[in-house]
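Dear colleague,

Please find below the structure that I am handing over to you. My notes on what was found in it follow directly after.

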Amino acid sequence: MIASEGLPPAYRDTVTGTWTPLAAHIAAHRRTVARPILIGTSGVQGSGKSTACRFLEHLIGAHGLTAVTLSLDDLYFTRAERAGLAARVHPLFATRGVPGTHDLVLANHIITALLTSNGPVAIPRFDKATDDRAPETTWPIITAPVDILIFEGWCIGATPQPESALVAPVNALEAAEDAEMTWRTHANAALADGYARLFARIDLCVALRTPDFALVRTWRHTQEQRLRARSGPAAGMNEATLDRFIAHFERITRHMIATPPPAGAITIHIDRQQTAGAIQGLDRPAAATG
């Protein structure tokens, strides 16, 4: 599996030392509560969330349990819906990413279906190449209920900032295009409302923690280089476009880096080489939290 993911052989140490014991803990948690559970997995862009989730699915399967990943990135509003939001609230909402640009009704529906229904459930997919939701006919089908649903996304578990913290812009994008604070205030309010209710459904949080925000651009730049190598020079974003895109995420990402994970969360520190370190929180017994 390491080779098929295009990972270096040294990643085997991460699988053995990090994802294997984490998978065992999650499996034990599922058996303790005796019902399907929702695992929230957060981490900045480029921290390795998607790769970790693929390994966790495989490793949890070795415990005789079914695990499926649902990505927050697949739950964006359609391009037309975001255009409407941009017209009604603020032009910056045309860009996917921040709280307020996800379809929370769809998110809650899919999570409920995967955890409680019996039968096929279509999992949404978002096409980043077209910046729009993929046609429903292309969505993969999962048989519900699953034992463990891994819900992964960059802002999973994020909390709102105090209103006073919104006043000073964190970058040039906010200073020039959100001088009246409409965009960031709306996103912050969304975190306090619908996103808080969504995150409250999570039984167990896994937080991939990164040292600082500067690494986000470095890691995203590497991702774009790999995309162009795989799909051609026209694929991905150029540096200016990438910088502008990342600026949309900066405020909440910095807030998450500076804020301790939720009580009871499992924490994994990701170093500057994108290597997962020791796990904190596995010493707590698996028990129902949601």
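Which residues of the largest nonpolar core touch the most other members? They are Trp19, Leu22, Ile60, Ile148, Leu149 and Phe151, in a core of 72 residues. A nonpolar core is here a set of buried Ala, Val, Leu, Ile, Met, Phe, Trp, Tyr and Cys residues joined through side-chain atoms within 4.5 Å. Buried stands for under 20% relative accessible area, exposed for over 50%, and partly exposed for values in between, with a 1.4 Å probe and protein chains only.

Please note that this is a predicted model, in which local features need pLDDT of at least 70 and side-chain atom pairs count only at pLDDT 80 or more, whereas totals for chains, interfaces and linings use all residues. Residues are numbered from 1 along each chain as its sequence is written, and side-chain values use heavy atoms, with hydrogens and water left out.

Not counting residues up to four places away in sequence, Trp19 touches Tyr11, Thr14, Ala52, Phe55, Leu56, Leu59, Ile268 and Ala276; a contact requires heavy atoms within 4.5 Å. Another core, of eight residues, lies apart from the largest one and has Leu85, Leu92, Val98 and Trp183 among its members.

Trp183 is placed in helix α6; helices (H or I, at least four residues) and strands (E, at least two) are DSSP runs, numbered from the N terminus. With a relative accessible area of 3%, Trp183 is buried. Leaving aside neighbours within four places in sequence, Trp183 is in contact with His90, Leu92, Phe93, Val98, Leu173, Glu174, Asp178 and His248. The C-alpha atoms of Trp183 and Met1 are separated by 42 Å, the two residues being 182 residues apart along the chain.

**His90 and helix α3**

His90 is found in the loop between α3 and α4 and is buried, at a relative accessible area of 10%. A polar atom of the His90 side chain lies 2.9 Å from the backbone oxygen of Glu177. Beyond residues up to four places away in sequence, His90 touches Leu85, Glu177, Asp178, Thr182 and Trp183.

In α3 itself, the buried residues are Arg82, Leu85 and Ala86. They cover an arc of only 100 degrees around the axis, which puts them on the same side of α3; the arc is that of the directions from the helix axis to the C-beta atoms. As a general point, an α-helix has 3.6 residues a turn, so residues three or four places apart point the same way. The buried residues of α3 pack against β4, β5 and α6 (182–192), while the face turned away from the buried side carries the exposed residues Ala80, Ala87 and Arg88.

**Salt bridges**

How many salt bridges does the structure hold? There are 16, each defined as a side-chain nitrogen of Lys or Arg within 4 Å of a carboxyl oxygen of Asp or Glu.

One of them joins Arg125 and Asp74, with the closest N and O atoms 3.4 Å apart. Arg125 lies in the loop between β3 (119–122) and β4 (126–127) and Asp74 in the loop between β2 (67–71) and α3 (79–88), so this pair ties together parts that are 51 residues apart in sequence. Arg125 is partly exposed, at 30% relative accessible area, whereas Asp74 is buried, at 11%.

Asp131 and Arg96 form another salt bridge, their closest N and O atoms being 2.8 Å apart. Asp131 lies in the loop between β4 and β5 (132–133) and Arg96 in the loop between α3 and α4 (104–116), so the pair ties together parts that are 35 residues apart in sequence. Both Asp131 and Arg96 are buried.

Arg197 and Asp193 also meet through their side chains in a salt bridge (2.3 Å, N to O). Arg197 counts as exposed, at 54% relative accessibility, and Asp193 is partly exposed, with a relative accessible area of 40%.

**Cysteines**

The count of disulfides comes to zero, a disulfide being a pair of cysteine sulfur atoms within 2.5 Å. The cysteine sulfur closest to that of Cys53 is in Cys205, 13 Å away and therefore too far for a bond. For Cys155 the closest cysteine sulfur is likewise in Cys205, at 12 Å, again too far for a bond. Cys53 is buried, at 1% relative accessibility, and Cys155 is buried as well, at 0%.

With kind regards

Methods
A polar contact is a pair of N or O atoms within 3.5 Å; within protein, one must be able to donate a hydrogen and the other to accept it, and residues adjacent in sequence count only if both atoms are side-chain atoms.
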